[in-house]
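Let's take a walk through a protein model together. We will begin with one pair of neighbouring elements and then step back to look at the whole chain.

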Amino acid sequence: MSDLVLWEVRNNVGHIVLNQPDQGNVISTAMAHALATVVQQANRADVGAILISAAGKQFSVGGDIGEFVQNRTQLAPLIADMLGVLNPVMHTLATLPMPIISAVQGPVGGGGIGLALCADMVLASSRMFLRGGYSAIGLSPDLGVSAYLTRRAGAAKAKYILMCNRAISAQDCLRMGLVDELHEPDQLLPAALALAEELAGGPTNSLAGIKQLCDGALQNSLQTQLQAELQAMQACALSSNSLEGVTAFMEKRKPVFQPR
């Protein structure tokens, strides 16, 4: 297996690590295939949460411009081939039935934004910044970037970020809702790991239901959403975790939930 993307399970948390720090964790064809392999492993893994992080000073600078230049006369077929690999990967990753946390330690741009913001919870270093990057090379977004920026910051801010191609500071990312927490650089990974392990020890069926309901809420009518909530709550109520949660509440103790 390629070492461009690492996979490891520790304490019921699956760790996905972008591991090409000397290249800014660029999303090349090789990186795309490595990520596909790791996400397949994550999809099969019996874990309670996933933590996405990156080695080096940059989370991901986005697409491999060098590869684009080398294939500039065949750029459209190259992009089609890459996204033929990456689009199913991104869909699988974003819809895994457990909490996904990302730890963004440094600059992030282009498709790297999609890898960071596909997470349910995004933690970032105070030194990170975000830059769209696409308009600088005459391209439009991929890897769900337009969707994630719009969901988190609204269409107007998403267009500003992507069209103007200006660096958005960590503090402004927090203010816009692009990230959920800011931490000092040396505290980011410990905080992200603590959150991942906390969620991994939670009621996994409940968390999966919450994730699915919230992800579908903007597309559903109220009637559809109410029915989805009913079905999800009934499924939770039939589980041992529901019984444990209610019993622990009555006994005024911390619940002990069953792992996924």
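This is a predicted model. Start by finding helix 9, which spans residues 204–216, and helix 10, which spans residues 222–237. Two packed helices are described by the angle between their axes and the distance between the axes. For this pair, the axes come within 10 Å of each other and cross at roughly 175°. An angle over 145 degrees counts as roughly antiparallel, so helix 9 and helix 10 are roughly antiparallel to each other.

Which residues bring the two helices into contact? On the helix 9 side, look for Asn205, Ser206, Leu213 and Gly216. Their partners in helix 10 are Gln225, Ala228, Glu229, Ala232 and Cys236.

Now let's zoom out to the whole chain. In total, the protein chain has eleven helices and nine strands. Its radius of gyration is 19 Å, close to the 18 Å that the globule rule gives for 260 residues, so the chain is as compact as a globular protein of that length.

What about the inside and the surface? Of the 260 residues, 44% count as buried. The chain exposes about 13,300 Å², and carbon and sulfur atoms supply 57% of that area.

Finally, consider how the sequence folds back on itself. Among contacts between residues at least 6 apart in sequence, 70% join residues at least 24 apart.

Key
Residues are numbered from 1 along each chain as its sequence is written. This is a predicted model: local features need pLDDT of at least 70, side-chain atom pairs count only at pLDDT 80 or more; totals for chains, interfaces and linings use all residues. Side-chain values use heavy atoms; hydrogens and water are left out. Axes are lines fitted to C-alpha atoms, for helices over the stretch in contact, and angles run from 0 to 180 degrees between N-to-C directions. Helices (H or I, at least four residues) and strands (E, at least two) are DSSP runs, numbered from the N terminus. Angles under 35 degrees count as roughly parallel, over 145 as roughly antiparallel, 65 to 115 as roughly perpendicular and the rest as oblique. Contact means heavy atoms within 4.5 Å. The radius of gyration is taken over C-alpha atoms; the globule rule is 2.2 Å times the number of residues to the power 0.38. Buried means under 20% relative accessible area, exposed over 50%, partly exposed in between (1.4 Å probe, protein chains only). Accessible areas come from the Shrake-Rupley method with a 1.4 Å probe; for residues, only the protein chains shown count as cover.
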